[in-house]
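Dear colleague,

Please read the notes with the model open beside you.

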Amino acid sequence: MNAIMRRALTGAVAISLAAPLAACGSDRQDAGAGKDSIGLLLPENKAARYEKFDRRIISSRVASLCLECKVDYHNAEQQVDTQKRQFDALVKKGVKVIILDPVDAAAAKNWVDSAAKKGVKVIAYDRLVEGDVAAYVSYDNEKIGRLQGQAILTALGSQAAASDVVMMNGSPTDPNAPAYKKGAHEVLDDKVHKIVFEKDIPDWSAAAAKKEMTDVINAQGAEGFDAVYSANDGMAGGIAAALKSAGIKNVPVGGQDAELPALQRVVAGTQYFTIYKEVRPEAETAAEIAFRLLRGKSIKSLTTTTADSKSKSGIPAQLFKAQIVTKKNMKNTVVRDGAVRTDLLCEGVTTACKSVGLE
């Protein structure tokens, strides 16, 4: 074999090995750019869903729609400056469509507006980022808050009107957090006796929620509250730990995201409910919108409503529904849909699983 043929063969092998890796998404700065690249920027990796589900599903859907397309993926690990650098790098490389789940929706406005002027289409994913975005894919967040509030009332039952509630709300930099809080208040206000403590928790920190809950217990006493609203499951874990440390039982705690540890707490009885937002339809819709925008096609059939941010109104949007998950319906929701495996769910809580028909 002559030298020219050897070089050609070596190059072909290298390309064939690299192609499938690129299709799955990469953290490398040279993952791809131009007409066949879609940027994917996720905000953090503390919540299990982003790495395990959103990234994987979006990459898989893009690959199924477009063999030549590449997903240029990065995670900001909850750092605004990191996400800005990642966003700017995508724009500099010539990426024309970016799926953005912002760390701080307001801080990202200038990046989004600047990119839009260069013809870059930004899809706000899960959180509605400020600025000139092309589309928004998420859930009806006020409705989620109302579901959370209703689940608290259901847990309290006939004692709701006489009950005091603690509220641990989401991060003030997350545009979804005020919507959850607003929805929850719409249901809880005038239906419970009093909100005895309320706090927005920066960065959705479980450790901060645990500390705040410990302080509430110390200030109010074990009998000073009857239920705890937690905006998400991560914080609910910190809250449940604080209650356990204080020896407090039978206080309903609610969360959101249907994460495995939360579902295990629901089975065990240390968390009353979570909110199940099926990731697949959200992620697949975002991927298809991105592909259509990349190819200059209409997204009208994928955006059946509109949304308004502080800086733009009438944003084409798709908002999915969520549902409450408790012991009673876990088998017919997250287990039925394959969102969690029963063997993993019941690990360490086998007896409790059997009691609710999960084994």
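**What was found**

A151 has its place in helix α5, which covers residues 141-156. Please keep in mind throughout that this is a predicted model. With a relative accessible area of 2%, A151 is buried, since buried here means under 20%. Not counting residues up to four places away in sequence, A151 touches Y272, F273 and I324. Its C-alpha atom is separated by 9.7 Å from that of V187, a residue 36 positions apart from A151 along the chain.

**The nonpolar cores**

The largest nonpolar core has 71 residues, of which I123, M213, F225 and L243 touch the most other members. The element that gives the most to this core is helix α10 (residues 279-294), with nine residues. Which residues is I123 in contact with, leaving aside its neighbours within four places in sequence? The list consists of V97, I98, I99, L100, A135, V137, A286, I289, A290 and L293. There is also a second, separate core of 21 residues, which includes V95, A115, V122 and V133.

**The sheet**

Seven strands form an open sheet with mixed pairing, in the order β2-β1-β3-β4-β5-β12-β11. Because β2 and β11 stand at the edges and each has a single partner strand, one side of each is left without a neighbour in the sheet. On average, and with direction ignored, neighbouring strands of this sheet are turned by 25 degrees against each other. For β11 and strand β12 (residues 315-320) the sense is antiparallel, and the pairing runs over three bridges; within it, T305 stands opposite A317 in β12. Helix α2 lies across β1, β2, β3 (97-100) and β4 (121-125), and runs at about 170 degrees to β1.

**Salt bridges and the surroundings of R295**

The count of salt bridges comes to 24, and two of them that may interest you involve R295. In one, the side chains of D36 and R295 meet with a distance of 2.8 Å from N to O. D36 lies in the loop between α1 (3-23) and β1 (37-42), whereas R295 lies in the loop between α10 and β11 (305-307), so the pair ties together parts that are 259 residues apart in sequence. Is D36 buried or exposed? At 13% relative accessibility D36 counts as buried, while R295, at 30%, counts as partly exposed.

In the other, E68 forms a salt bridge with R295, and the closest N and O atoms are 3.2 Å apart. Since E68 lies in the loop between α2 (48-65) and β2 (70-75) and R295 in the loop between α10 and β11, this pair ties together parts that are 227 residues apart in sequence. E68 is partly exposed, with a relative accessible area of 41%.

R295 is also touched by K35, which contacts L294 and R295 when residues up to four places away in sequence are not counted. K35 lies in the loop between α1 and β1 and is exposed, with a relative accessible area of 62%. Although K35 and A48 are 13 residues apart in sequence, their C-alpha atoms are 31 Å apart in space.

Elsewhere, R341 forms a salt bridge with D343, with 2.7 Å between the closest N and O atoms, and D343 counts as partly exposed at 46% relative accessibility.

With best regards

Note on methods:
Residues numbered from 1 in each chain as written. Predicted model: local features only at pLDDT ≥ 70, side-chain atom pairs only at ≥ 80, totals over all residues. Heavy atoms only, no water. Core = buried A, V, L, I, M, F, W, Y, C linked by side-chain atoms within 4.5 Å. Buried < 20%, exposed > 50% of the residue type's maximum accessible area, 1.4 Å probe, protein only. Helix = DSSP H or I, 4+ residues; strand = E, 2+ residues; numbered from the N terminus. Contact = heavy atoms within 4.5 Å. Salt bridge = Lys/Arg side-chain N within 4 Å of Asp/Glu carboxyl O. Pairing = 2+ DSSP bridges. Axes fitted to C-alpha atoms, helices over the stretch in contact; angles between N-to-C directions.
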